Amino acid sequence: MKKHRFTLQYKILSVTVLIVICLLGFVMIMHDRINTLQRETSFISHQDREITSLANKIEKNILDMETGQRGYIITGDEKYLEPYNLGKAQWKASYDKLSVLNANDSLQLQRLVDIENSIQHWIEQSGDYVIELKKEGQEAEILRYFNSDDGKDQMDRIRSQFSTYRETMNENTNTLIAEQADRNKLLLDFLYIAWAIIAITSVVASWIISHAIVSTIRKVTHTIAGLDSSVDMKTRVEITTNDEISDLSVATNHLIDTQQERIWIQDHANDLLSRYPGITHVSQLGDIFLSKTAEVIDYPYSALYIRTQEHDQDLFNRTSTFGGSSNITDHRIFHIGEGLVGQCAKEARLMHIQDLPEHYINIQSGLGVFAPKNLLLLPVSFSGEVVAVVEIATFSPLTERQIEFLDSISDAFGAAINSTISSMRIEQLLEQSQRLNEELQVYTEELQTQSEELQIQTESLHATNRKLEEKNLLAERKSFEAEQAQIELAQSAELLRQSSQYKSEFLANMSHELRTPLNGILLLSEFLMENQSGALSEEDIEFSQAIHSSGQDLLRLINDILDLSKVEAGKLNIEIEAINLTEIPEAMLQSFNQLSRKKEIPFHIQIGEDLPPLFYSDAQRVRQIIINLLSNAFKFTAKGSVTLEIRLATTDELVKLGNLETGLFIAFAIKDTGIGIPYEKQSIIFEAFQQADGNTERQYGGTGLGLSISRELATLLGGRITVESQEGMGSVFTVYLPLKLQDPSLEEITEKVVDLSHEEEGSVALAAATSENISSDFTSLNHKHVLIVDDDERNLFALSNMLRKRGLQVTTAADGERGIHALEQSASIDIVLMDIMMPVMNGYEAINRIREIPTKKQIPIIALTAKALKEDKAKILQAGATDYLSKPINLDRLLALMQLLLTSDS
């Protein structure tokens with residue numbers, strides 16, 4: 001019975017299949033668990049967003065109803081009933097959807113029922129009731145109702161009910177998230193256990209297979225090591241397995257039986273012969289032959305002379321050398337019979353010359369120069385004809401065994417030389433085939449002996465051609481892959497350009513969307529702060545001031561984000577000007593004295609004695625960096641002091657910074673005695689939206705953008721910011737800026753045009769006007785007629801009311817088409833305030849249309865834009881606007897600009 005053959009390949013494949021099966025099972029289990037977790041996460045996030053959205057919609061409907069009711073009661077204008085009626089019609093649908101989502105939660109469902117009852121009660125007892133009183137003209141009854149403040153109590157109850165509902169909803173969501181986290185932990189534990197099982201299984205199986213293989217190989221190795229070729233020729237390898245190792249044992253026994261006597265010569269000859277195939281040039285063949293024979297015989301120098309024909313003369317040309325040096329003679333060609341090389345070829349016998357003269361040839365190495373004592377010339381023949389001569393120089397005479405080795409490989413080497421030369425002559429032989437055929441008729445017998453060799457050469461040529469075709473295909477594939485990579489690189493570059501463009505457009509749109517409602521908030525809060533009617537209490541005025549202050553904080557946050565985005569996008573321009581170093585302390589004292597007195601923290605300024613009077617940089621960005629750092633110092637300091645030190649940076653400081661331009665640097669050091677920053681947190685505080693820890697954000701507030709913007713601005717100005725701090729002891733932030741960012745002349749500085757990006761609130765005219773041109777007395781604007789074009793009703797309401805309070809006559813329009821119509825109908829309009837982002841017809845097109853009206857070509861047009869990028873403001877002026885202001889609008893700046901334009905126009 002034939003024993004089953006269990007090969008090494010089969011053994012290794014078995015282990016691999018086992019590991020793959022384990023991994024497949026693990027992947028399938030993990031895939032199922034991950035899909036389950038994803039479904040649970042999607043359900044939680046979707047339901048939470050849906051419930052939150054519906055609750056916000058109901059609250060917005062109620063707020064619209066309350067705002068519309070009060071607007072109608074105040075003005076009597078029925079257009080304010082539109083949001084009331086719309087909210088009244090829409091809240092119920094959102095409530096029904098919310099009830100469906102909470103059908104499984106009886107507690108939340110009951111709260112929704114209570115909310116529904118409260119809303120219905122407010123509509124019946126306050127909303128509809130007061131509106132009916134207004135329609136019937138019962139002003140006294142309305143006043144009595146509002147004095148009782150029953151509607152406010154109902155509305156506060158509704159808000160409280162919504163707050164309770166949201167808190168419960170958040171608790172439910174947090175419970176679901178916690179349960180999901182527990183399942184995630186269980187999944188992670190399972191992952192580790194499964195990995196450990198697979199790893200242990202793989203290691204054990206691998207150990208079993210490797211042990212079986214290694215033990216068998218060790219048996220074969222031990223048997224071969226025990227052989228003594230010169231004494232014991234009967235020892236054989238014992239065969240105990242039925243795999244590739246047994247094949248090795250059989251081959252070893254056969255080798256011992258047939259090749260024991262000439263194993264040394266045959267091994268090296270076979271090794272040399274194995275290097276001949278695929279060689280296409282005789283010089284390459286010669287290098288391989290000389291290198292291998294030098295390795296076997298251990299000689300320091302050799303040269304190969306190949307037989308060639310030039311002008312019908314047989315010559316031996318030196319084509320390869322081993323161990324050659326620069327002092328070898330330039331005699332590279334020998335005729336037959338010329339010199340020892342020519343004589344060896346002529347006699348076709350091996351020549352061994354000993355005791356060479358001292359300066360016959362020098363062999364160099366890195367350690368010195370040596371002179372060989374022996375010379376061997378070996379003729380290489382093919383078909384009885386010498387085709388090459390090998391010249392070998394040695395330090396000691398060659399042994400009989402070495403000479404026998406050379407003699408044994410010479411014939412094979414001659415055949416290889418002939419084959420290689422024949423391959424090189426194939427094309428010539430093909431061209432001369434007709435002539436050779438006529439000559440071969442005379443040499444029929446020689447043709448018969450060489451036909452087999454020619455067939456071998458032809459097969460070798462075909463093999464070479466196949467290899468060349470494979471190389472060509474590989475080259476074509478590589479070329480195609482390179483072209484594809486180039487196409488992908490171009491596509492990536494285009495995607496990067498589009499991404500940058502989309503980011504710019506997104507910043508412009510977000511600026512508009514955020515600044516537009518913020519404009520209404522700031523204008524209305526400023527209007528309430530003035531309390532021109534005297535109807536507001538001091539508490540109401542404080543509320544208005546808080547709203548206005550919060551709006552200003554939001555505006556600063558928007559500007560910070562835009563500044564950071566401009567720096568990252570490379571769109572923040574730098575305007576170099578001469579800065580008076582004595583003005584910076586005065587400006588900082590003016591900005592922070594009030595805060596210093598309020599927090600009872602002394603504010604000191606120290607000026608170095610060796611400071612120059614001027615340095616060149618961007619004044620606005622320098623002030624922005626210092627203000628950011630001083631603001632942080634006061635924010636995080638509860639006791640002690642804050643110090644601003646201005647001095648020249650020392651050489652040691654600049655060496656530590658490294659990678660800065662050469663020259664003098666100004667150091668602005670802001671020192672405080674505040675809470676300090678832990679050392680491990682100092683590397684992250686300059687990242688966007690990062691603070692030292694979460695407690696800092698909760699206790700002191702802030703967005704974490706100030707330091708990030710300051711670092712980017714300092715880098716843009718060619719400088720650096722460093723921090724030294726100890727927790728509980730205070731911090732020192734030092735800004736290093738070059739004394740001269742550039743080297744502009746004073747003429748270049750005065751000719752600088754104010755960059756649009758420097759004016760977040762805009763206005764070319766105000767920037768160019770002197771303080772004498774701008775007055776705070778706006779009585780000259782009384783009875784001036786202004787047209788306001790804006791699609792946002794809140795902005796129209798706020799701005800029109802504030803301008804009317806200032807004595808101006810106001811006409812409003814909700815889009816560009818209506819604005820042009822109003823302008824054509826009224827000849828008394830003196831100035832136009834134009835919003836840019838509007839439906840139907842935007843501000844750009846409206847301004848162009850107005851400039852096409854012959855009678856309105858010179859009318860002042862102020863663009864009120866929420867877009868804050870430089871290119872947006874440039875586009876506004878190119879469209880034909882006289883000037884622009886960025887939202888949110890500062891009323892005093894608007895009035896000053898209107899007065900300046902109307903005065904210059906008159």
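Phe634 is buried in this predicted model, because its relative accessible area is 1%, where buried denotes under 20% relative accessible area, exposed over 50% and partly exposed the range in between, for a 1.4 Å probe and protein chains only. Since the model is predicted, local features need pLDDT of at least 70 and side-chain atom pairs count only at pLDDT 80 or more, whereas totals for chains, interfaces and linings use all residues. Residues are numbered from 1 along each chain as its sequence is written, and side-chain values use heavy atoms, with hydrogens and water left out.

A search of the whole structure returned eight aromatic pairs, a pair being rings of Phe, Tyr and Trp (its six-membered ring) with centres within 6.5 Å, counted as stacked when the planes are under 30 degrees apart, as edge-to-face when over 60, and as tilted for the rest. Among them, the rings of Phe592 and Phe603 have centres 6.2 Å apart and planes at 70 degrees, so this pair is edge-to-face. It links distant parts of the chain, with Phe592 in helix H15 (residues 583-599) and Phe603 in strand E10 (residues 603-607), eleven residues apart; helices (H or I, at least four residues) and strands (E, at least two) are DSSP runs, numbered from the N terminus. Both Phe592 and Phe603 are buried. The rings of Phe592 and Phe634, in turn, have centres 5.5 Å apart and planes at 10 degrees, so they are stacked. Because Phe592 lies in helix H15 and Phe634 in helix H16 (residues 619-635), the pair ties together parts that are 42 residues apart in sequence.

Elsewhere, an open sheet of six strands has the order E3-E2-E1-E8-E7-E4, with antiparallel pairing, two strands being paired if DSSP finds at least two bridges between them. Strand E3 (333-335) and strand E4 (351-354) stand at the edges with a single partner strand each, so one side of each lacks a neighbour in the sheet. Strand E1 (residues 301-310) and strand E8 (residues 385-394) run antiparallel and are joined by six bridges, and the bridge partner of Tyr301 in E8 is Ala393. Helix H8 (residues 282-297) packs on the sheet, touching E1, strand E2 (313-322) and E8, and its direction makes about 55 degrees with that of E2. Contact here means heavy atoms within 4.5 Å, while axes are lines fitted to C-alpha atoms, for helices over the stretch in contact, and angles run from 0 to 180 degrees between N-to-C directions.
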